[in-house]
Amino acid sequence: MDWGNRFSRTVTDRLEDSAIALMMREAAREGALMLSAGEPMKELYPVEQLRESFLRVLSDESNYWGYSKYRTGVKPLLEWTERWMREEGLLPGWVEPENIFITNGSQEGVSLLTGALLDPGDTIMVESPSYPDAFGVFRRDGVILEGVDLLPDGPDLDAMESLLATKKIKVFYTIPAYQNPTGFSTSDEKKRRILELARRFDFLIFEDDPYRNITFEASPGGTYINAAGDDERVLYLGSFSKVIAPALRIGWIVAPSPVVTVLEKLRIAGTLCLPDVIQHALHDLVSNIDFNKHLEKICLAYRVNRDAFVDSLERHAGPEGLEINIPSGGFFIWGKVPWIKNAGDFAMYAIKKGKVAVVPGGHFFPEPGKGNGYLRFSFAQVTPPMAEEGAARLARALREYRDLQ
Ligand SMILES: Cc1ncc(COP(=O)(O)O)c(C=O)c1O
């Protein structure tokens with residue numbers, strides 16, 4: 001069978017292989033030391049407690065083996081999530097547990113919101129750089145991407161205003177806390193001014209916030225959704241992937257009731273329902289552990305990783321021209337090597353010859369050809385000894401690669 005001309009135009013014209021996944025596969029094949037995986041450190045998964053929670057849930061009398069009756073998610077988890085966010089001061093007055101919609105990770109949340117609120121040919125404004133797997137969703141659905149430069153305190157407001165003046169923007173997609181890939185957080189003052197622009201130019205905001213709770217020194221500030229108050233134009237996306245475990249595939253959307261109703265329709269058309277049993281186990285877990293203590297523990301571990309990673313990169317690769325920002329939370333360090341003309345080419349060289357893997361910056365820019373000279377690092381899975389070895393390999397790869405230019 002020749003499958004070549006049977007695929008939909010969505011597949012052939014709009015979807016690309018995830019360049020990062022391809023790179024990581026190559027890195028694994030070459031046995032390279034990974035300095036860029038955006039996945040939690042496996043030692044930080046609460047494995048014992050998860051096992052106990054699943055066992056407790058599975059041994060109770062309820063029947064979890066039918067289709068779920070709860071199209072938005074199981075009630076105790078909706079209530080817990082709403083209460084937790086409210087206690088953290090992240091929610092406006094109008095949000096009730098009915099405004100929480102559980103998703104298969106926040107990735108599905110991005111996909112559902114796109115299906116609910118964007119048509120092919122609509123334009124979405126994104127930070128440049130930003131998270132490429134969200135770009136994949138927008139492109140799959142025929143949505144046009146427009147980038148606005150991201151500065152260390154948030155998007156460039158002048159650039160945003162000029163774009164808004166020339167193009168109808170339906171949605172702004174933002175990662176306001178410890179952004180992927182830069183580690184930057186948007187200041188509360190900028191959030192306030194962007195909300196003013198949102199009202200003036202009448203666009204919605206998708207606030208993708210999976211890194212908020214991985215915080216080291218400075219707080220990432222408040223949420224757009226809370227700052228917007230009664231103006232219900234912010235759709236918030238949360239995730240348990242980075243703070244508990246991505247394999248649970250549990251995230252959530254906070255949205256006004258009319259949007260939740262549409263999300264329920266999309267849920268049925270897409271997957272019918274999610275498994276209740278995982279949501280009950282997650283609720284059991286967060287109710288039975290000291291969740292704040294768990295967060296403190298993981299933040300401390302990631303902070304140790306960050307400090308060592310920054311120190312090793314600066315000592316080894318700094319002299320080869322690497323400049324980095326130091327993030328105050330999240331997983332990512334954004335690096336720049338001004339003399340590198342093609343970061344993709346360098347990253348492949350580093351994997352093959354230097355046995356060290358970083359992600360080239362170009363993947364994170366919505367504009368083709370932008371981002372040369374940038375590299376994304378993640379310290380999430382990189383312990384201090386790995387950071388030392390990885391940075392030394394990177395520095396060697398930089399030296400040898402420069403000699404070849
Ligand atoms: C900004 C951002 N949004 C969403 C996701 C997807 O997370 P989840 O596991 O909740 O689907 C990621 C994962 O790396 C991310 O970095």
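I started at the end of helix 8, where Asp202 follows with a positive phi, near 55°. Helices here are DSSP runs of H or I with at least four residues, strands are E runs of at least two, and both are numbered from the N terminus.

A note on what I'm looking at: this is a predicted model, so I took local features only at pLDDT of at least 70 and side-chain atom pairs only at pLDDT 80 or more, while totals for chains, interfaces and linings use all residues. Residue numbers run from 1 along each chain as its sequence is written.

**Helix 8**

I checked the span of helix 8 (residues 188-201): its 14 residues reach 20 Å from first C-alpha to last, close to the 20 Å expected at 1.5 Å a residue (the expected span is 1.5 Å times one less than the number of residues).
Then I asked which of its residues are buried (20 or more other C-beta atoms within 10 Å of the residue's own; exposed is 12 or fewer, partly exposed in between, with C-beta atoms placed from the backbone). I found Lys191, Ile194 and Ala198. They cover an arc of only 65° around the axis, so they sit on the same side of helix 8; the arc uses directions from the helix axis to the C-beta atoms.
That buried set packs against strand 5 (154-155), strand 6 (171-174), strand 7 (204-208) and helix 9 (224-227). On the face turned away I noted exposed Glu189, Glu196, Arg199 and Arg200.

**Domains**

I have domain 1 as 9-37 + 293-404 and domain 2 as 62-288, with bounds from an automatic or database domain assignment. Their C-alpha centres are 26 Å apart.
For contacts (C-beta atoms, placed from the backbone, within 7 Å), I get 28 residues of domain 1 touching 29 of domain 2. Helix 12 gives the largest share of the domain 1 side, six residues.

**Whole chain**

I count 14 helices and 14 strands, and 44% of the 405 residues count as buried.

Definitions and conventions. Two residues are in contact if their C-beta atoms, placed from the backbone, lie within 7 Å.
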